[in-house]
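Please keep the sequence and the model in view while reading.

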Amino acid sequence: MPTPGSGRGFLWLGLVLSSVCVALGCETQANSTTDALNILLIIVDDLRPSLGCYGDKLVRSPNIDQLASHSLLFQNAFAQQAVCAPSRVSFLTGRRPDTTRLVHAGNFSTIPQYFKENGYVTMSVGKVFHPGITSNHTDDSPYSWSFPPYHPSSEKYENTKTCRGPDGELHANLLCPVDVVDVPEGTLPDKQSTEQAIQLLEKMKTSASPFFLAVGYHKPHIPFRYPKEFQKLYPLENITLAPDSEVPDGLPPVAYNPWMDIRQREDVQALNISVPYGPIPVEFQRKIRQSYFASVSYLDTQVGRLLSALDDLQLANSTIVAFTSDHGFLMRTDN
C-alpha cells in the first residue's frame, strides 16, 4: 500500500545483479555452484535512516547497527520512487520506474530469477515484490522463486480493529501498540516471517545448492502496530518535534501529499484535521514519532533473530547479507 515517503533510502552490501554475479561466477548455468555464496536479502518497508549506524542518537537498533559495523554502509543512496510498488519493481528488475511503468510485465528478468536460472534455490518470505498488479498478482511466481512465496497469515489483520483505545474498545488506528497474546492468532506478521525464514535456513543448511532468500519485513510501514513493550523505549518527553513541520509558504499544491491513507485511521479521524493542510496537534506529532521509532526497534529485534539463526546454523561465513529499505518515510513530522 503506498504511503507518504521520502526519497531517501539505503543499501548495505549493494546487491547489484551484475557485480554480485561476477563475484560469484554465475554468468552461465554451466558454471559450478558448489562453492557459490548464499544470498540473504532483507527488504524493509518504509525504513528511513533513523538508525544508530546513521548517527541517530535516539533510535535503538543494535542488531542492524552490528550488521552495519562489518558491512559496506551506503551514506548517499536514493530510492527511485517514494512509494512501495515502483521502488520495489525498480530495484528487483534493475530498471527505472519510467521503464517498468509500475506494472511488472514484459520480458524483464528479476534478481531472484537470474539466480534461480543459475543454480540457486530462490525463496521469498513476507513483502518482497509489492502485492497486486505490479507483480502480476503472483509475486512473480514461478519465474523468480523455486517455491511459492510465503506470506504471514496474520497480515490480514493489519488494518482491522485490533488496537485497544483509551476507551477500552478495539479500533483501526494509526498508532497501535498491542499485547501480542491478545491479537488474532497471537502473533504479528514480521514475527511469522522471521520464523518461516529461520525454518528455510535450517532446511537449506544441508542443501547441495546455494540459496537466495529474500525476507520482506512490513514494519515500520503504517499502521504502527507493534508489541507494546517497545513503546517504553521512547518516553514521550524524550521525543522532539520536527524542526520543519510547517507547510512552506508558496508550496505548489502538486508538491504536497495530504496523506489521505493516514487520515482514514480512526485515531487520526478523531482529530478532525482539515484537508489538505490542517496542522497535526503537537502531542499527536510526538506520538507518531514515538510509534515510528518503536516500530523500528521491533523490526530490529526480528533482524537480530534472523541473523543469529544464520550464525547458529554456521551459514554466516558462506552468505552475503544485503539490507535495504524500499524508500524512506516522510510526513510533516519529519526531521
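Leaving aside its neighbours within four places in sequence, F224 is in contact with L174, L175, C176, P177, I288, S291, Y292, S295 and F329, where contact means heavy atoms within 4.5 Å. The model is a predicted one, in which local features need pLDDT of at least 70 and side-chain atom pairs count only at pLDDT 80 or more, while totals for chains, interfaces and linings use all residues. Residues are numbered from 1 along each chain as its sequence is written, and side-chain values use heavy atoms, with hydrogens and water left out.

F224 also belongs to the largest nonpolar core, which has 61 residues, and it is among the members that touch the most others, together with L40, I42, L174, L213 and L306. A nonpolar core is here a set of buried Ala, Val, Leu, Ile, Met, Phe, Trp, Tyr and Cys residues joined through side-chain atoms within 4.5 Å; buried means under 20% relative accessible area, exposed over 50%, and partly exposed in between, with a 1.4 Å probe and protein chains only. Helix α9, residues 282–312, gives the most to this core, with 13 residues. Apart from it lies another core of 15 residues, including V128, F129, W145 and I320. Helices (H or I, at least four residues) and strands (E, at least two) are DSSP runs numbered from the N terminus.

## Helix α9 and its partners

Two packed helices are described by the angle between their axes and the distance between the axes. The axes of α6, residues 189–204, and α9 come within 10 Å and cross at roughly 10 degrees; axes are lines fitted to C-alpha atoms, for helices over the stretch in contact, and angles run from 0 to 180 degrees between N-to-C directions. The two helices α6 and α9 are therefore roughly parallel to each other, on a scale where angles under 35 degrees count as roughly parallel, over 145 as roughly antiparallel, 65 to 115 as roughly perpendicular and the rest as oblique. On the α6 side the contact is made by D190, K191, T194, E195, A197, I198 and L201, and on the α9 side by Y298, Q302, R305, L306, A309 and L310. These residues divide into 7 nonpolar, 2 polar and 4 charged, with Ala, Val, Leu, Ile, Met, Phe, Trp, Tyr, Cys and Pro counted as nonpolar, Asp, Glu, Lys and Arg as charged, and the others, Gly among them, as polar.

For helix α2, residues 62–69, the axis and that of α9 come within 7 Å and cross at roughly 55 degrees, and α2 and α9 are therefore oblique to each other. Here P62, N63, I64 and L67 in α2 meet L299, D300, T301, V303, G304 and L307 in α9, and by class the contact has 6 nonpolar, 3 polar and 1 charged residues.

Within α6, the buried residues are P189, D190, Q192, S193, T194, Q196, A197, I198, L200, L201 and M204. What covers them includes β5 (121–126), β9 (211–217), β10 (224–227) and α9.

E202 also has its place in α6, but this residue is partly exposed, with a relative accessible area of 46%. E202 and A309 are 107 residues apart in sequence, and their C-alpha atoms are 8.5 Å apart in space.

Most residues other than glycine have a negative phi, and most peptide bonds are trans. A cis peptide bond joins I222 and P223, with omega about -5 degrees, and P223 lies in the loop between β9 and β10. Another cis peptide bond joins V275 and P276, with omega about 0 degrees; P276 lies in the loop between α8 (266–269) and α9.

E185, in the loop between β8 (175–178) and α6, has a positive phi near 70 degrees and counts as partly exposed at 43% relative accessibility. Q314, in the loop between α9 and β11 (319–325), has a positive phi near 60 degrees and counts as exposed at 67% relative accessibility.

## C163 in strand β6

C163 is found in strand β6, residues 163–164, and counts as buried at 3% relative accessibility. Not counting residues up to four places away in sequence, C163 touches E169, L170, H171, N173, L175 and C176. The C-alpha atoms of C163 and D267 are separated by 9.9 Å, although these residues are 104 residues apart along the chain.
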